[in-house]
Amino acid sequence: MHASLIVAKAVLALLTLPGVHQAEGLLQAEANSPNVTSLTEYYTAVESDGSFKIHRGDEATAIIHTDAQTVLVMHTHPDCYLPQPSPQDIAEAARTGIPDIVVSRYAEYVVMPDGSVTEVR
Ligand SMILES: [Zn+2]
């Protein structure tokens with residue numbers, strides 16, 4: 001199978017995991033909120049049982065805590081940043097082995113641990 005097709009299937013499988021769609025919707029709503037200040041970032045870690053908790057911080061201080069049950073992390077990019085995953089986002093996915101969804105007002109990307117980045121919205 002072509003490598004990009006394997007990645008696309010892995011990304012689609014991730015998006016259907018329990019809790020992921022709900023967390024995604026909440027983060028999209030936050031990213032689109034007119035009340036968000038330029039540095040506000042929302043982030044969450046989705047666990048294998050589908051549970052998650054949304055945290056609020058700013059781009060400089062947000063730390064996403066993960067454990068062995070974490071299947072996926074997600075965070076928003078404020079409007080003052082590029083919607084694409086940052087080099088740090090890509091490095092962190094590779095280091096932890098945990099995929100990362102980056103949600104912004106106009107776009108959404110999935111970073112896989114192999115460094116691939118797929119635009120999903
Ligand atoms: Zn980021």
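Let's start at one side of the sheet. Strand 1 and strand 2 run antiparallel, joined by four bridges. Tyr42 has Arg56 of strand 2 as its bridge partner.

A word on what you are looking at. This is a predicted model: local features need pLDDT of at least 70, side-chain atom pairs count only at pLDDT 80 or more, and totals for chains, interfaces and linings use all residues. Residues are numbered from 1 along each chain, as its sequence is written.

Some terms. Helices (H or I, at least four residues) and strands (E, at least two) are DSSP runs, numbered from the N terminus. Two strands pair if DSSP finds at least two bridges between them.

Now the overall layout. The protein has three helices and six strands. From the N terminus, the elements run α-α-β-β-β-α-β-β-β. The six strands form an open sheet, in the order 2-1-3-4-5-6, with mixed pairing. Strand 2 (55-58) and strand 6 (117-119) are the edge strands, and each pairs on one side only. On average, neighbouring strands of this sheet are turned by 25 degrees against each other, direction ignored.

Next, what packs on the sheet. Helix 2 (residues 20-32) touches strand 1, strand 3 and strand 4. The direction of helix 2 makes about 10 degrees with that of strand 3. Helix 3 also packs on the sheet, touching strand 4, strand 5 (108-111) and strand 6. The direction of helix 3 makes about 160 degrees with that of strand 4. Contact here is two C-beta atoms, placed from the backbone, within 7 Å. Axes are lines fitted to C-alpha atoms, for helices over the stretch in contact, and angles run from 0 to 180 degrees between N-to-C directions.

Let's walk across the strands. Strand 1 (residues 40-47) and strand 3 are antiparallel, with five bridges.

How buried is strand 1? Six of its eight residues are buried. Buried means that 20 or more other C-beta atoms lie within 10 Å of a residue's own; 12 or fewer is exposed, in between is partly exposed, and C-beta atoms are placed from the backbone. Strand 3 (residues 70-76) has five of its seven residues buried, so it is largely enclosed by the rest of the structure.

On to strand 4 (residues 100-103). Strand 3 and strand 4 run parallel, over four bridges. Met74 stands opposite Ile101. With helix 3 (residues 87-96), these two strands make a right-handed β-α-β unit. Right-handed means this: with the strands pointing away from the viewer, the path from the first strand over the helix to the second runs clockwise.

Which residues cover the two faces of strand 4? Asp100 and Val102 lie on one side, Ile101 and Val103 on the other, and all are buried. In a regular strand the side chains alternate between the two faces of the sheet.

Strand 4 then pairs with strand 5, antiparallel, over four bridges. The two form a hairpin with four residues between them. Val102 has Tyr109 of strand 5 as its bridge partner.

Now the core. The largest nonpolar core has 23 residues, and Leu72, Met74 and Val111 touch the most other members. Helix 2, strand 1, strand 3, helix 3, strand 4 and strand 5 each give two or more residues to this core. A nonpolar core is a set of buried Ala, Val, Leu, Ile, Met, Phe, Trp, Tyr and Cys residues joined through C-beta atoms within 7 Å. Leu72 is worth a look: residues up to four places away in sequence aside, it touches Leu14, Leu17, Val20, Val46, Ile98, Pro99 and Ile101.

Last, the whole protein. Buried residues make up 28% of the 121 residues. Among contacts between residues at least 6 apart in sequence, 49% join residues at least 24 apart. The C-alpha atoms fill a box of roughly 45 × 30 × 25 Å, taken along the principal axes.
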